[in-house]
Amino acid sequence: MDDKLVSICIPVFNGSNYLKKAIESALAQDYPHVEVIVVNDGSTDGGLTEAIALEYGNRIRYIKQENRGVAGALNTAVAHAKGTYFAWLSHDDIHLPHKTSAQMRFLSDLGRTDACLFSDYDLIDPDDKLITTVRLPVDRIRRSPRLPLLNGMINGCSLLVPIAAMREFGVFDERLRFTQDYDLWNKILDKQEFFHQPEVLIQYRVHPQQDTQTQKLAPESDPLWTRMIDDRSPTQRAQLSGSSRRFYQSLGVFLELTPMQKASAHALNLAKHASRDTLTSVVIPFFNEINLLHRAVESVRSQIGARFEIILVDDGSTEDTSSIERLAQSDERIKLIRQANRGAAAARNRGMMSAKGEYIAFLDGDDTFMPNKIRRQLDLMQEHGALFSHTSYYISYPERKNSLGIWHSGQFGGRCYPELIRSCPIAVPTVMLHRSIVDEGFLFPAGCHLGEDILAWIDLAAKYLLLGIDEPLSVVEWSATSAAMSLDKQVRGVAAMIEIIQSHPIHGKHLAELDSLRAHLEEITAQRARVSEADWAVPLIDQAWNISQSVPLEAIGRI
């Protein structure tokens with residue numbers, strides 16, 4: 001990196017008051033490979049600006065042009081630049097002597113020659129006296145790398161940008177007199193990464209002449225910020241703020257304090273309607289049991305106040321599925337996918353890959369959603385900025401009970417890894433994920449056919465906080481053959497989980513939780529030898545159907 005040329009570009013219009021200090025700071029860089037390009041953008045100060053620039057002879061490259069604005073002057077500088085990197089220096093600001101060398105070292109340490117850098121900065125007055133130092137929030141920026149651009153934190157004169165990126169994404173928009181920089185950074189951000197270098201490298205001058213621009217700023221800035229708001233994908237919004245609602249709300253509040261009132265109103269309006277307008281994909285894998293599947297699908301179609309799509313994944317059913325085909329053809333919100341029998345995990349993965357929604361919910365073919373399930377869970381996830389959530393649920397056991405039990409699994413949440421290895425109360429039809437989790441590579445472990453959902457939740461809990469919602473929003477149906485009721489399935493499932501977890505490079509290190517799981521396996525294995533499955537299930541049923549919390553079946557309609 002020590003021999004890469006850096007082009008320091010200084011656009012100037014009628015800048016005789018501060019231009020000399022800016023040029024001197026560029027020439028004083030302790031990095032040896034810089035060129036200084038000064039573009040006189042049609043100054044009308046009787047030659048004062050030009051006289052200062054000409055004093056430096058061949059120590060700088062001086063270009064004079066008709067007035068085209070800052071964007072036009074920067075475009076001229078970039079067109080003539082010979083450097084590998086571009087640095088902008090306003091005629092009234094100052095690059096500290098180590099600015100360029102510090103940034104080149106940072107790039108080298110980063111191992112990313114294609115990265116864009118920005119730094120902290122000093123604010124100085126017209127007499128070069130320090131007003132304050134602006135230190136950007138390091139931790140917040142590390143968590144949300146796009147935050148500085150969207151919160152107006154980037155000082156353009158602190159940037160170091162590969163010239164190739166400048167040319168790839170086009171020139172500065174010369175129709176924009178005041179916001180041309182953020183317009184271009186917004187375009188570059190789509191493919192390039194911006195890194196914060198947490199040290200002061202420039203001095204940004206505050207002086208009276210700047211105040212004359214404020215009223216002219218809003219007509220340009222409102223469309224720019226509106227576009228920056230709209231350009232962010234659901235995944236980017238979640239990475240920045242946890243949810244679209246929080247993203248829009250925080251930007252709207254931030255912009256309320258600026259001249260960009262239209263952009264602020266736009267963001268706050270989007271925040272207000274975030275849950276109503278958000279699409280949720282409901283993935284339902286199924287293998288036969290078509291009558292129950294119709295009931296499950298109808299429970300999604302009956303959702304109140306929610307936008308949704310239903311992705312049905314037929315995992316090699318052998319029954320007649322023609323009624324499901326007709327249903328999918330009659331409702332554009334339903335998509336039917338077929339695959340050879342590969343198990344529920346593979347079917348859920350296939351559904352997730354086809355999902356278009358910002359959020360993804362899961363439902364098994366024999367379970368159902370409460371009418372307010374999607375909207376309520378979505379509201380709470382948006383409010384809390386949660387990417388991973390689950391709820392409590394009702395239990396239906398028609399073979400033995402004429403009322404609904406309740407399992408308060410939603411009381412469990414927060415930072416629950418590695419505790420989840422020891423005991424996992426999460427039920428599939430209660431889970432909702434933000435699609436950013438899927439975009440980051442999440443899949444159900446398709447090689448496991450028992451406990452694959454629990455293994456998936458353990459993987460997620462290792463990376464994300466779990467929002468627990470203690471409200472029953474789904475109905476899980478039990479039967480004598482359900483895994484919850486079958487000692488044999490419990491034994492096989494726990495044994496399979498132990499085998500996978502103990503060989504996992506991260507989960508396998510949690511020995512206490514694994515020992516607890518092994519003890520549980522020993523306990524249920526012993527019970528299988530001496531207790532019938534019917535008797536073994538009695539305590540679970542009693543817990544779920546505690547007389548103080550059970551719900552009559554006929555109450556479901558009212559709920």
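Predicted model: local features only at pLDDT ≥ 70, side-chain atom pairs only at ≥ 80, totals over all residues.
Residues are numbered from 1 along each chain as its sequence is written, and side-chain values use heavy atoms, without hydrogens and water. Local features need pLDDT of at least 70 and side-chain atom pairs pLDDT 80 or more, while totals for chains, interfaces and linings use all residues.

Q: How many salt bridges does a search of the whole structure find?
A: A salt bridge is a side-chain nitrogen of Lys or Arg within 4 Å of a carboxyl oxygen of Asp or Glu. The search of the whole structure gives a count of 27.

Q: Which residue forms a salt bridge with Arg205?
A: The closest N and O atoms of the pair are 2.6 Å apart. Arg205 is in strand E9 (residues 194-205), and the partner, 77 residues away, is in the loop between strands E6 (116-124) and E7 (130-134); helices (H or I, at least four residues) and strands (E, at least two) are DSSP runs, numbered from the N terminus. The partner is Asp128.

Q: Is Arg205 buried or exposed?
A: Buried means under 20% relative accessible area, exposed over 50%, and partly exposed in between (1.4 Å probe, protein chains only). Asp128, at 31%, is partly exposed. Arg205 has a relative accessible area of 0%, so Arg205 is buried.

Q: How many residues apart in sequence are the parts that Glu452 and Arg348 tie together?
A: The side chains of Glu452 and Arg348 form a salt bridge with an N to O distance of 3.1 Å. Glu452 lies in helix H21 (residues 452-461) and Arg348 in helix H17 (residues 344-354), so the separation of the parts is 104 residues.
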